[in-house]
Amino acid sequence: MIRLIKSGVYYTGGKLVKENVAFMREEQKRAAIKGTLAYRILSAHNSGDDDHLKIKFDALASHDITYVGIIQTAKASGLKKFPVPYTLTNCHNSLCAVGGTINEDDHLFGLSAAKKYGGNFVPPHLAVIHQYMREMEAGCGKMILGSDSHTRYGALGTMAVGEGGPELVKQLLGQTYDVARPKVIAVYLKGKLKKGVGPHDVAIALVGATFKKGFVKNCVLEFVGPGIRNLSMDYRLGIDVMTTETACLSSIWETDELTEQYFKIHGREEAYKPLHPADPAYYDGAVVIDLSRVEPMIALPFHPSNSYTIREVIDNARDILGEVEEAGNRLKGGKKPFRLLDKITPQGIQVSQGIIAGCAGGTYENVAEAAEILRGHSCGFDEFSLSVYPQSQPVFKCLADNGYVSSLMESGAVIKTAFCGPCFGAGDTPADNGFSIRHTTRNFENREGSKLGEGQLAAVALMDARSIAATAANGGMLTPATEVQYTKKIKKYYFDKAIYDHRVYRGALKPDKKAELIYGNNIADWPEQIPITKNVLIKAVSVINDPVTTTDELIPSGETSSYRSNPLRLAEFALSRKDPAYVGRAKEVKAAEEERRANGTLPEEVLSEVGITIAPDTMYGSCVVARKPGDGSAREQAASCQRVLGGVANIALEYATKRYRSNLINWGMLPLLSKSFDYKVGDYIYIENITDYVKTDNPNIPAKLISNGKVKNIYLGLGALTEEEKKIILSGCLINYNKTK
């Protein structure tokens, strides 16, 4: 089904040829390296040198969990107007009152900011962020930066990147996105999908084959090959958006007449141009996918890479589900048992909930085919339920006009408006020990709203809409769509732009200086961040031994959404699902540091506990230690919440994503690297002359690890830092850095 090629390859004559077979001369290879789509698009947006890119994007996009903080940060840094088209969407905090605050306050702030600074504003329930950007902003050869990790429009010829909010702030202030030129991996598609296999099946197989190996981490995936022409645009977009879960940096696809037709349908013919790599083009590796061999897939808890064929799970239910149940009980740590094996019945594997939603699931074709599979069937009146969220009002309208909405409703499905909530825990939260199958993007533990701290944990699995519908038609018994009969032919899609014309505020690049920002009660400015001093004493207040730590574990999604515009209130939730004692420990360190700044020296109890001589001019701060933190969401709050609680560093064996490491840097924190993992909560790390080491790129920074009264000499690193990143860290955060410019 999927084969990985770990050596360099050439794409020539429509086929992949391994580098050691092609025998290209060195000058031919250099030319072929420049022949990829990724190389051309990146170079067209680059003002740096060929290896160290300084990118300016064509457009920006944010949703209502992130845009308030971004605009507040940019405003504090001197923002006057948006220099590029910036679209503010409202698809995460769509509910008006969650957690005791009024989210509509954030929406009014966003609209007022779009007027004042010259941006676009998409009201709640109208479209999820990525569908709106596909429909209205993407274009062949463009680059778009979004403050959501699933910012992926490669199937439309647009290189899109999801990053933390500070990277958008830089673009708003005329600065650049700085990154080493990424490796480019070819994703070669061949063959044709069989009936009943959808885009999520391909995506889950791709993530399963690559993520755990780190094969495409921080690379650009470039989709090529004859199989592309056998995929509709909805299928391409559905695969593309899930490339985020491989840990790649971005994606780009060859374009063709179907791409051209997509733009024509949406009234933007000028956005199309043919994109094809040169012949030959050189890639640093390849992923070969035979579409004809892809089967209906399921990503079991607790990660999109935990992938199996659905038939494999059904045939080996007790063994496979038993492993997941054991993993769930390890997460719960001996509290009320997590159960999954009880879903195995004589009739099959009982599922309690199905969801088709968002940027991945709510496409026209996904929903229409699901309706055809369910036609004449009932979702039943027992535990199982099915909810469907079309990803935009234009998609919803076409589904309704073509009869698919009424058909789904007749089967017992509940149809809802465009909303990302099911993907991150603010909508359709499953019951404790429930088994939910979802055509959404992620299934990390706790992400969908369960709370380990209160003994709640659900089993959330990812599946394609077609197999979700097949399961619904089979009374909630897990069923692959290849094993049901249905009519695959669906009615043609059309796009009604009037829906947006009559509701979206289109003010890009038309600022109104007289407009005033509207602040709600829960919108607060960022507290002052103090730069690190010459020396730092760092206390490990949380040590996470998991192989990978997600941003959902660092700052939970779901019920915290209402507080995203208030840094101090949001920080109270930091690590609450992973290490509930973290906030209290961090606050103790922060209080001692505030005492040091007031009195000029570290408190006596800290000095006596450390037990070594601490030089003057030493900042005292906290840190989180984790093996591989930062997988998943781009949300900057995973770092900023630590910062406002007095965090000065993370210590890791490696960072799961560039975006999380960038968030640490942009909030003035040290992204320290350690060769070993010999840390405990309460340990101290003392580093002298850290400011000099930040400036000099020294890969070996001497430090002292103080643990249980014993002192051990260790070495830490910072990894590669750009000159601007060094200045940001030394300034204390991006806001401080921009104030000094």
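**Reading the labels**

E34 and strand E35 (residues 701–707) pair in the antiparallel sense over three bridges. This is a predicted model, in which local features need pLDDT of at least 70, side-chain atom pairs count only at pLDDT 80 or more, and totals for chains, interfaces and linings use all residues. Residues are numbered from 1 along each chain as its sequence is written, and side-chain values use heavy atoms, with hydrogens and water left out.

Q: What makes E34 and E35 a pair?
A: Two strands pair if DSSP finds at least two bridges between them. E34 and E35 have three bridges, antiparallel, so they pair. Across from tyrosine 684 stands isoleucine 706 in E35.

Q: What makes E34 a strand, and which residues does strand E34 span?
A: Strands (E, at least two residues) and helices (H or I, at least four) are DSSP runs, numbered from the N terminus. Strand E34 covers residues 684–687.

Q: Which strand do four bridges join to E34?
A: Strand E28 (residues 535–544), and the two run antiparallel. Isoleucine 538 faces isoleucine 685 of E34.

Q: What makes both faces of E34 count as covered?
A: Buried means under 20% relative accessible area; exposed means over 50%, and partly exposed lies in between (1.4 Å probe, protein chains only). Tyr684 and Tyr686 on one side are buried, as are Ile685 and Ile687 on the other.

Q: Why is threonine 549 called buried?
A: Its relative accessible area is 0%, so threonine 549 is buried. Threonine 549 sits in strand E29 (residues 549–550). Its contacts (heavy atoms within 4.5 Å) include Ile544, Leu554 and Lys628, not counting residues up to four places away in sequence.

Q: Why is E26 described as largely enclosed by the rest of the structure?
A: Five of the five residues of E26 are buried, so the strand is largely enclosed. Ala459, Ala461 and Met463 are on one side, with Val460 and Leu462 on the other.

Q: How do you know that E26 pairs with E18 and E25?
A: Strand E18 (residues 297–299) and E26 share two bridges, antiparallel. Alanine 299 has leucine 462 of E26 as its bridge partner. E25 and E26 are joined by four bridges and run parallel.

Q: What is the order of the seven-strand sheet, and what makes E19 and E24 its edge strands?
A: The order is E19-E18-E26-E25-E22-E23-E24, in an open sheet with mixed pairing. Strand E19 (307–309) and strand E24 (414–415) are the edges: each pairs on one side only. Strand E22 (residues 353–356) and strand E25 (residues 435–439) are parallel, with four bridges.

Q: Which strands does helix H18 lie across?
A: Helix H18 (residues 465–473) lies across E22, strand E23 (385–388), E25 and strand E26 (459–463). H18 runs at about 140 degrees to E25. Axes are lines fitted to C-alpha atoms, for helices over the stretch in contact, and angles run from 0 to 180 degrees between N-to-C directions.

Q: What makes a space a cavity or a pocket?
A: On a 1 Å grid over the protein atoms alone, a cavity is a set of points where a 1.4 Å probe fits but cannot get out. A pocket is an open set with protein on both sides within 12 Å along at least five of seven lines. Lining residues have an atom within 4 Å of a point.

Q: How many cavities of 30 Å³ or more are there, and what is the volume of the largest?
A: The structure holds six. A volume is the space filled by probe spheres set on the points, with grid points joined across faces, edges and corners.

Q: Which residues lie nearest the centre of the largest cavity?
A: His63, His92, Asp148, Phe424 and Arg447, out of 27 lining residues. H13 gives the most to this lining, with three residues.

Q: Why is H6 called largely enclosed by the rest of the structure?
A: Eight of the eight residues of H6 are buried, so the helix is largely enclosed. Among them are Ile129, Tyr132 and Met136. H6 (129–136) also supplies at least two residues of the lining of the largest cavity.

Q: How much space lies in the largest pocket, and which residues are closest to its centre?
A: About 850 Å³. Val179, Ala180, Asn218, Lys658 and Ala720 are the closest to the centre, of the 33 residues that line the pocket.
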